[in-house]
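This briefing walks through selected features of the structure shown below, grouped by topic for reading alongside the coordinates and the sequence.

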Amino acid sequence: NEVLDALPVHLVAWHKDGIAERGVALTDDGTFAWSERPLAPGALRSAAEKLRLPSGYVSEIGLAARGLVASLARSLVHGAALFLDYGFGRAEYYHPQRSQGTLMCHYRHLAHGDPFSHVGLTDITAHVDFTAVAESALAQGARLAGYTTQSHFLVNCGITELLSRVSPREAAYAPLAAAAQKLLSPAEMGELFKVIALGRGLTQPLLGFSRGDLSRLLFAVD
């Protein structure tokens with residue numbers, strides 16, 4: 001749960017004269033600022049060129065997440081690797097309306113977009129490209145065993161039945177219902193958070209994806 005979004009990403013900027021990686025520089029007055037350099041040949045440049053994004057677009061490419069998933073898929077003999085995180089399929093991740101990427105910062109439960117504020121105290125994160133996650137596993141011989149929203153996954157797995165075991169008259173019911181609402185509501189975590197399963201050697205379908213499977217969206221062309 002929320003492992004992939006914690007891994008480092010590369011911040012990439014597309015320009016008319018080429019593609020650049022955006023990094024951090026130290027200014028003359030000792031503060032941090034963005035600095036760019038052209039992408040050298042390699043995995044990052046290849047991934048960026050495949051996206052074919054317009055000039056002025058800035059976003060993230062998560063090579064570390066791809067590497068972790070590929071390593072797990074190679075090691076998997078029989079079973080499934082299950083990831084829950086916030087993110088999108090590639091067509092939605094690199095949508096024209098998301099031209100400044102998904103990089104976000106959190107400081108004392110307040111969200112902001114400046115990673116140079118409260119340096120060392122700010123949690124810096126980016127959304128997950130679940131298409132890249134699926135492709136990394138498939139390249140290692142694993143299969144996509146399911147992809148859906150957190151809401152669908154938890155309902156399929158019986159969260160409402162678990163909640164029904166507690167009487168609304170009990171003191172424990174209100175906090176449990178509030179917690180379930182946060183996990184399931186489209187306005188909270190229910191839609192933004194996704195669940196993906198990558199398996200090998202499995203013959204039966206996984207319960208969490210019995211309804212509302214969205215695997216087709218991972219490879220949709222915008």
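**Backbone, cores, sheet and salt bridges**

R52 is exposed, with a relative accessible area of 77%, and this residue sits in the loop between α1 (43–51) and β4 (58–61). The model is a predicted one, and the points below should be read with that in mind.

**Positive phi angles**

- Although R52 is not a glycine, its phi is positive, at about 50°.
- E2 is likewise not a glycine and has a positive phi, here of about 55°; the residue belongs to the segment before β1 (10–15).

**Nonpolar cores**

- The largest nonpolar core is made up of 18 residues, and those with the most contacts inside it are L4, V69, F83, V133, I196, L198 and L218.
- Two or more residues of this core come from each of α2 (63–75), β5 (79–88), α4 (130–138), β10 (143–149) and β11 (193–200), and α4 gives the most, with four residues.
- L198 illustrates how these parts meet: leaving out residues up to four places away in sequence, L198 touches V69, L76, G79, A80, A81, F83, V133, A134, A137, R143, L144 and A145.
- Another core, of 14 residues, lies apart from the largest one, and its members include L39, L51, L53 and A126.

- Four strands make up an open sheet of mixed pairing, in the order β9-β5-β11-β10.
- The edges of this sheet are β9 (128–129) and β10, each of which pairs on one side only.
- β5 and β9 run parallel and are joined by two bridges, and F88 stands opposite D129 in β9.
- α2 packs on the sheet through contacts with β5, β9 and β11, and the direction of α2 makes about 35° with that of β11.
- α4 lies across β5, β9, β10 and β11, and runs at about 5° to β11.

**A buried threonine in a loop**

- T102 is found in the loop between α3 (90–93) and β6 (104–107), and counts as buried because its relative accessibility is 6%, with the cut-off for burial set at under 20%.
- The side chain of T102 reaches the backbone nitrogen of H127 at 3.0 Å.
- Beyond neighbours within four places in sequence, T102 is in contact with E60, Y93, T125, A126 and H127, and A126 is also among the residues of the 14-residue core.

**Salt bridges**

- Side chains of opposite charge can pair when their charged atoms come close. In this model the count of salt bridges comes to five.
- E21 and R37 meet through their side chains in a salt bridge, at 3.9 Å from N to O. E21 is in strand β2 (residues 18–26) and R37 in strand β3 (residues 32–38), so this pair ties together parts that are 16 residues apart in sequence.
- R90 forms a salt bridge with E135, whose closest N and O atoms are 3.0 Å apart. Since R90 lies in helix α3 and E135 in helix α4, the pair ties together parts that are 45 residues apart in sequence.
- R90 counts as partly exposed at 22% relative accessibility, and E135 is partly exposed too, with a relative accessible area of 33%.
- R90, D129 and E135 are linked in a network of salt bridges, and D129 is the β9 residue that F88 stands opposite.

Conventions. Residues are numbered from 1 along each chain as its sequence is written. This is a predicted model: local features need pLDDT of at least 70, side-chain atom pairs count only at pLDDT 80 or more; totals for chains, interfaces and linings use all residues. Side-chain values use heavy atoms; hydrogens and water are left out. A nonpolar core is a set of buried Ala, Val, Leu, Ile, Met, Phe, Trp, Tyr and Cys residues joined through side-chain atoms within 4.5 Å. Buried means under 20% relative accessible area, exposed over 50%, partly exposed in between (1.4 Å probe, protein chains only). Contact means heavy atoms within 4.5 Å. A polar contact is a pair of N or O atoms within 3.5 Å; within protein, one must be able to donate a hydrogen and the other to accept it, and residues adjacent in sequence count only if both atoms are side-chain atoms. Two strands pair if DSSP finds at least two bridges between them. Axes are lines fitted to C-alpha atoms, for helices over the stretch in contact, and angles run from 0 to 180 degrees between N-to-C directions. A salt bridge is a side-chain nitrogen of Lys or Arg within 4 Å of a carboxyl oxygen of Asp or Glu.
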